[in-house]
Amino acid sequence: MSPRTVDALNGPSMILQPAEMSVLLDLAREALEIAVIRGVLPEESREDLPSRLREERGCFVTLTRRGDLRGCIGNVFPAGPLFRKAQEHARAAALHDT
C-alpha cells in the first residue's frame, strides 16, 4: 500500500509505522494465546497504546501456518478501536473461521 492510498469512505488510509505494526501484532498474538488458554480476551482499556492504534478503523487478521491459510476474519468499516478489533479478529480467525 502506498502512502497516497485513499480509503473511499474515510479519506487517506492509515499507514502504520513498523513499530506500530509490531505492537499490533504482539497484541493480536497475546489475545489469541489468552483466548485459547482462558477463553477470554485481555483487558480492553489500553490508554498506554499509541493513539493511532486506538482509532476506530476497519481491520482484517489473516493467520497462516507455513504459508497455508488457517483463518481470515475482519471488517472494512470502523467498528471499534483498531487494537481491539485486531484482538477480536485474531481470536475469531483462529477459533471460529471454518
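Which exposed residues does the face of H1 turned away from its buried side carry? That face of H1 carries Pro18, Ala19, Arg29, Glu33, Val36 and Ile37; exposed denotes over 50% relative accessible area, buried under 20%, and partly exposed the range in between, with a 1.4 Å probe and protein chains only.

The model is predicted; local features need pLDDT of at least 70 and side-chain atom pairs count only at pLDDT 80 or more, whereas totals for chains, interfaces and linings use all residues. Residues are numbered from 1 along each chain as its sequence is written, and side-chain values use heavy atoms, with hydrogens and water left out.

**Confidence.** The average pLDDT (the predictor's confidence in each residue, from 0 to 100) of the chain is 83, and 87% of the residues score at least 70. Over residues 1–6 pLDDT stays under 50, and the model has nine contacts beyond four places in sequence for them. Contact here means heavy atoms within 4.5 Å. Where pLDDT is low, the predicted coordinates should not be read in detail.

**Helix H1.** Helices (H or I, at least four residues) and strands (E, at least two) are DSSP runs, numbered from the N terminus. Buried positions in H1 are Glu20, Leu24, Leu27, Ala28, Ala31, Ile34 and Ala35. These buried residues fall within an arc of 135° seen down the axis, so they line one face of the helix; the arc is that of the directions from the helix axis to the C-beta atoms. H2 is included in what covers them. Glycine 39, with a positive phi near 80°, follows H1.

A nonpolar core is a set of buried Ala, Val, Leu, Ile, Met, Phe, Trp, Tyr and Cys residues joined through side-chain atoms within 4.5 Å. The largest has 13 residues, of which Leu16, Leu24, Leu53, Cys59, Leu82 and Phe83 touch the most other members. H1, strand S3 (59–65) and helix H2 (82–95) each supply at least two of its residues, and H2 gives the most, with four.

Methionine 14 lies in the loop between strand S2 (11–12) and helix H1 (18–38) and counts as buried at 17% relative accessibility. The contacts below leave aside neighbours within four places in sequence.

| Residue | Contacts (within 4.5 Å) |
|---|---|
| Methionine 14 | Arg52, Glu55, Arg57, Leu82 |
| Leucine 16 | Met21, Leu24, Arg52, Leu53, Leu82 |
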